Amino acid sequence: MTEIREQKVPANGLNFHVRSAGDPTHPAVILLHGFPECGYSWRYQMPFLAAKGFHVLAPDLRGYGFSDAPKAVDAYRQDKLVADVMGILDAFGAERAVVIGHDWGCALAWQVARSEPGRVRAVAGLSVPYPGLGPKAPTEQMRAAFGERFFYQLYFQQPEVPEQELEADVRDFLRRMYHALSGPGMQEKFRAEKPVTGLLDILQPPTGGQPDWMRESDLDVYVERFQHSGLTGPINWYRAMDASWRQQKEDGRERIHPPALFIAGKEDPVIQFAGKALERMPTMMDDLREVVLLDDLGHWIQMEAPEAVNQHLGAFLDSL
């Protein structure tokens, strides 16, 4: 059994709850989770990576779980989140690291590699292709694409409304979310049984029991984290998108230089939505080693198919 240690560390003016495994003298890997997740989402990767000889760090990111959660939207700009990652690595004495991210953590991993290439040994992204810098602010592009149709990221731009909906029953929201974006859940295609006014209207609850990758005891961990943190911090990542885009436009850096890997499930709605970004991604990177699309899998690939994901991560790390 791999020992998983949990501790609070100061970084970038905040305190972060970090799960770690492996020998602290070994090369570092930092795992960045997405929405709505926490460091526990990497439970299947931490023992594997530690056994390969890495010191593995899996923090609850800013706004999540047992880490600090500033209230201001501007506190969730990507440059500040990048500084969090640098601060966490500093706290563990890691000059360089392999950075691996999923969902929002994937977007953050790309930004870390883009803005701090000297500290990134390699980068692996799960689910979210690197799009480069778009010509318009993200919410402007979304409004052009969706018009009056419901899109959760635009819904999240409203103050307080999404928190009131999702915090009313955190367990129900998380159960629906993890099911709906999984491989089996995506086969239901977000059927809405009534006019869509909120996110829960398009998230179907699972008809069977909990899947093996998200047992009831696993769900308990997430419920505890989100009941502690609330959802304002996590949703503020979405509210800060346009400010992040403007900041990235100003600094002018776009290419990703470190060796890179991309993995996603073919049923992932992000892949279905971001096809152009997936096509463009190889032109934005100096050393994209592989793009892996896994059959029949949805959004939560590191949990839905941990053995396959670990196999590809292992081969990528061996190639370094």
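Q: Which residues does Phe173 touch, not counting residues up to four places away in sequence?
A: Phe173 touches Phe35, Pro36, Leu166, Leu199, Leu200, Leu203 and Leu231. Contact means heavy atoms within 4.5 Å. This is a predicted model: local features need pLDDT of at least 70, side-chain atom pairs count only at pLDDT 80 or more, and totals for chains, interfaces and linings use all residues. Residues are numbered from 1 along each chain as its sequence is written, and side-chain values use heavy atoms, with hydrogens and water left out.

Q: What makes a set of residues a nonpolar core?
A: Its members are buried Ala, Val, Leu, Ile, Met, Phe, Trp, Tyr and Cys residues joined through side-chain atoms within 4.5 Å. Buried means under 20% relative accessible area; exposed is over 50%, partly exposed in between (1.4 Å probe, protein chains only). The largest such core here has 81 residues. Phe35, Leu108, Trp110, Phe173, Leu174 and Leu199 touch the most other members. Helix H3 (residues 104–115) gives the most, with eight residues. Helices (H or I, at least four residues) and strands (E, at least two) are DSSP runs, numbered from the N terminus.

Q: Which residues does the second, separate core include?
A: Val29, Trp42, Met46 and Ile100 are among its 26 residues.

Q: Why are strands E1 and E2 called paired?
A: Pairing takes at least two DSSP bridges. Seven join E1 (residues 5–11) to E2, so the two antiparallel strands qualify. Pro10 stands opposite Asn15 in E2.

Q: What makes strand E2 mostly covered?
A: Seven of the eight residues in E2 (residues 14–21) are buried.
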